[in-house]
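Here are my notes for your review. Please read them with the structure open.

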Amino acid sequence: MASLSSLPNRRKRKTSIAVAADLYLPVECWEYIITFLKDDNRCLKSLSLISKQFHTITNNLRFSLTICDQTLPFLHLLYRRFINLTSLNFSHLTNSSVTNLNRLLRQLSCFPLKLTSLNLSNKLRIPANGLRHFSKKITTLTSLTCSNMGFISITDIFLISECFPLLEVLDLSDPHHREEYEETETEHLSFTFFKLRKVNLSGHYHIYDKVLFSLFKNCWLLEQVIMLSCYDTTFDGVASALRETPTLTSLSFSNTFGQANEEREESYITSQFIASLVSLKYLTCLDLLSSNISDELLSSIAIEGLPLTRLCLQNCKGYSYSGIFDLLSKCRYIQHLDLQRALFLTDKHVVELSLFLGDLVSINLTHCLMLTVSAFFALIKSCPSLSDIKMENTSIGKKSLEGSKSWLNFTVHPQLKYLCLAWNPWLTDENIKLFASIFPNLQLLDLSGCYDRFEEGIVQVLRLCCNIRNLNLSYTNVDDETLYVISKSCRGFLQLSLKGCTDVTKKGMEHVVENCRQLKLIK
């Protein structure tokens, strides 16, 4: 058959047209392909440069936009270009006075966008006037984030409920300063978050019990509540509010910080709270941090058979092995378990509890000082889906592996991907070598604060665990020589942490930068 170049010109043109017609794809097909391929907005930017058609298609597929100081002068052009935007993020703006925010929101409301998500975090105050104007023109908003603000008052929350009654997600976490007010000042306020499903009020000192009750009273669809470090909220106050939210599936609450404070009466679980909690028949996630709980609470959850898949008792006091045994023996679907600082736990306890944790995916046993490598391997043996273990500051390594010969012939456990063994002073090269041989798919290894250099162990890990992307050696005795060997052994690092490594010099860092070309972050 004659080649295309040997054909007459007219015939060539016809053939080219036919080939082009065969390669033509409708816009809908290109949209589907690009949507399938793209992993972030940077991909869209590259594709938009290929042709006018791709430029138009990628513009229509851009649904989120983060505004920074450099983009401010071009906002009106961006709003016209990306007509299908549903999410806007103003949290990176540094020139963020209330006056400027009000102006930006008024400008935004002039464009026919169907926004569902707005982020105004890291600002001094809520831009009240701007939000009022915005809400009159854009009525599709379902998610509002105003975290890390300078001030958030109760009247601000009331304003938000008036402007956006259809909100489903509201994040007002971690304001910097507390605004004093009398509790009687809020008695006339009525919040109208009829469709709210998720709320984060962490760090709000001013959420008194009556305010919390008023806030939740009309939230009939509420599913997730996060209230950490809410110091003026009591457990009885939470109990009253919970009775208004029968559909709740996730609760995270603490009214103190750090280790449970036995001297603070408000940090003690009450019988009223227990009764309200066990009435939540759909509760799957429970986080009670830094609280004085009781075996009664854990046994009551077990008796009611709540469908828990996540339980976090981090830094809690007041409960014992008996209570946690009752709960885990009855609630057999736990996937995420956090018993940080459960000082009573022994290896024997963990061996027994592991038999109830067949669905376990992640566990935190940090500061459980009596636990050794025996507890570690009991979890590996009994929990086939376990992918994340955090056991900082335990006794791993204190008991020699020769004393645990049953573990030396342990089979490979490919599911484990994240292993944090920081601040374990007895951890040795021998331990690390063994872990490398049975966890081939490790992606993160944290050995920060451990005394050994682990040169042989880390090289073994990097040789056998080809997926390692994050290695934390902060506050260890690692030196330039060790770094050189590490950088030659694994060039696929994305993140390396060396904070506080006083034996590392500029020369050692140069070895890493030269050999680990994929490295994105060195701490």
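**Notes on the model**

1. The buried residues of α11 are covered by elements including α10 (235–242), β8 (250–253), β9 (285–288) and α12 (295–304). The buried set in α11 is Phe273, Ile274, Ser276, Leu277 and Val278. Buried means under 20% relative accessible area, exposed over 50%, and partly exposed in between (1.4 Å probe, protein chains only). Helices (H or I, at least four residues) and strands (E, at least two) are DSSP runs, numbered from the N terminus.

2. This is a predicted model, in which local features need pLDDT of at least 70, side-chain atom pairs count only at pLDDT 80 or more, and totals for chains, interfaces and linings use all residues. Residues are numbered from 1 along each chain as its sequence is written, and side-chain values use heavy atoms, with hydrogens and water left out.

3. Look at Ser276 in helix α11 (residues 271–278). Ser276 is buried, at 2% relative accessible area. Its side chain makes a polar contact with the side chain of Arg243 (3.1 Å). A polar contact is a pair of N or O atoms within 3.5 Å; within protein, one must be able to donate a hydrogen and the other to accept it, and residues adjacent in sequence count only if both atoms are side-chain atoms. Leaving out residues up to four places away in sequence, Ser276 touches Ala239, Leu242 and Arg243. Contact means heavy atoms within 4.5 Å.

4. Met149 sits in the loop between β4 (143–145) and α8 (154–163). Met149 is buried, with a relative accessible area of 0%. Its contacts, not counting residues up to four places away in sequence, include Leu120, Ile126, Asp174, Pro175 and His176. Met149 and His176 are 27 residues apart in sequence, but 6.2 Å apart in space, C-alpha to C-alpha.

5. Met509 belongs to helix α19 (residues 506–515). Met509 is partly exposed, with a relative accessible area of 26%. Met509 touches Leu483, Leu498, Val504 and Ile522, not counting residues up to four places away in sequence. From Met509 to Asp480 is 29 residues in sequence and 7.7 Å in space, C-alpha to C-alpha.

6. How many cavities of 30 Å³ or more does a search of the whole structure find? The search finds one. On a 1 Å grid over the protein atoms alone, a cavity is a set of points where a 1.4 Å probe fits but cannot get out, and a pocket is an open set with protein on both sides within 12 Å along at least five of seven lines; lining residues have an atom within 4 Å of a point. The largest cavity has a volume of about 50 Å³. Grid points are joined across faces, edges and corners, and a volume is the space filled by probe spheres set on the points. Helix α14 (residues 347–354) gives the largest share of the lining, three residues. The lining of the largest cavity divides into nine nonpolar, one polar and no charged residues. Ala, Val, Leu, Ile, Met, Phe, Trp, Tyr, Cys and Pro count as nonpolar, Asp, Glu, Lys and Arg as charged, and the others, Gly among them, as polar.

7. The second largest pocket has a volume of about 180 Å³. Its lining has 15 residues, with Ser362, Ile363, Asn364, Asp388 and Lys390 nearest its centre. Eight of the lining residues are nonpolar, three polar and four charged.
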